[in-house]
Amino acid sequence: MSGLLQVCIAPVFLLLTANGDKSSSPACAKPYDQMMACNLICNKIQDSDANDAMKMLQTKLEGLIAAMKNRSPSLPGRQESSLLPSVWFTKRYCLLSLGKLWRCGDGGWTLAMKIDGKKKTFHYDSKFWIDKNIYNLPGGKTGFDSEETKLPTYWNTPFSKICLGMKINQQLRFIVINKQASSLHSLIADGKYRNTALGRNTWKKLIGSQSSLQANCNKEGFNAAGSSKGYSKARIGILGNDQKGCATTDSRIGFGTGGYQDDTITCGNYAIKGYTSDNGEKHIKAMGYILVQ
């Protein structure tokens with residue numbers, strides 16, 4: 001199957017609407033309905049019906065490939081050679097695990113957030129982790145770029161897996177958390193710490209060879225924070241400390257981060273100089289991507 005066919009089958013709806021064939025796809029009359037239609041298809045795929053779903057729509061997709069290329073030779077937010085399967089016309093991500101997402105596993109993945117580690121938008125203390133408000137909806141259409149977004153999927157999409165990605169110097173890296181919840185909001189908004197058990201080496205894979213964490217603490221999961229106010233914390237991530245406990249955490253890798261000593265990094269890796277940091281001092285600001293399945 002071609003790379004174009006492997007992209008989330010939701011493009012069928014866009015083309016049907018553009019061609020005026022609303023009788024074949026009445027759900028495409030409105031952008032919100034496009035989003036919901038995409039969600040239904042992704043859910044179908046996630047329910048282990050990927051093969052049946054693809055067979056059912058493959059014939060129509062093959063017929064639309066030529067039309068897609070003729071109508072829009074250069075689709076916004078997507079390059080043929082990039083294998084980054086963004087569904088740029090909907091108000092959510094609905095995609096299959098191909099190209100750089102293969103590391104997250106099979107099935108459909110749905111975008112929830114994109115975080116620019118250089119900006120304060122999604123700092124640990126930001127209201128966006130607590131509320132149910134959208135931030136920059138069009139940012140959900142632009143692929144793995146540097147445009148931040150928070151989509152309704154943050155609070156309305158149940159899942160059993162989370163795909164976490166970081167981009168540093170145009171290099172994308174992903175890890176997966178196996179976690180069942182009614183939504184990301186349900187895991188984070190109340191501020192309660194919920195642990196994961198990935199291990200420090202897995203978290204460090206998000207950064208690559210430049211990653212650095214202190215030797216101790218290793219508190220990881222959701223709403224991870226040191227017991228002393230003001231030190232490193234992460235809405236999703238791992239903390240390090242030179243001491244045995246987690247009171248004065250001076251290093252972190254994660255999403256929605258903040259705290260002493262570098263409070264400006266909201267996604268990426270901070271590690272203090274010395275004090276058991278295993279790869280030296282780091283101030284790495286990453287572009288972060290959070291998807292669920």
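Author: A disulfide, that is, a pair of cysteine sulfur atoms within 2.5 Å, joins Cys217 to Cys246, with 2.0 Å from S to S. The model is a predicted one, in which local features need pLDDT of at least 70 and side-chain atom pairs count only at pLDDT 80 or more, while totals for chains, interfaces and linings use all residues. Residues are numbered from 1 along each chain as its sequence is written, and side-chain values use heavy atoms, with hydrogens and water left out.

Strands here are DSSP runs of E with at least two residues, and helices are runs of H or I with at least four, both numbered from the N terminus. The torsion about the S-S bond of Cys217 and Cys246 is about 110°, so the link is right-handed. Cys217 is buried, at a relative accessible area of 17%, where buried means under 20%, exposed means over 50% and partly exposed lies in between, for a 1.4 Å probe and protein chains only.

Both cysteines are in contact with Asn241, a residue of strand 8 (residues 233–241); contact means heavy atoms within 4.5 Å. Leaving aside neighbours within four places in sequence, the contacts of Asn241 also include Gln214, Ala215, Asn216, Asp250 and Thr276. Asn241 is itself buried, with a relative accessible area of 0%, and a polar atom of the Asn241 side chain lies 2.9 Å from the backbone oxygen of Gly245.

Cys104 lies in the loop between strand 1 (95–96) and strand 2 (108–116), whereas Cys163 lies in strand 4 (residues 159–168), so the pair ties together parts that are 59 residues apart in sequence. Cys104 is buried, with a relative accessible area of 4%, and Cys163 is buried as well, with a value of 0%. Cys163 is also among the contacts of Ile290, together with residues such as Ile162, Leu164 and Phe255.

Note on methods. A polar contact is a pair of N or O atoms within 3.5 Å; within protein, one must be able to donate a hydrogen and the other to accept it, and residues adjacent in sequence count only if both atoms are side-chain atoms.
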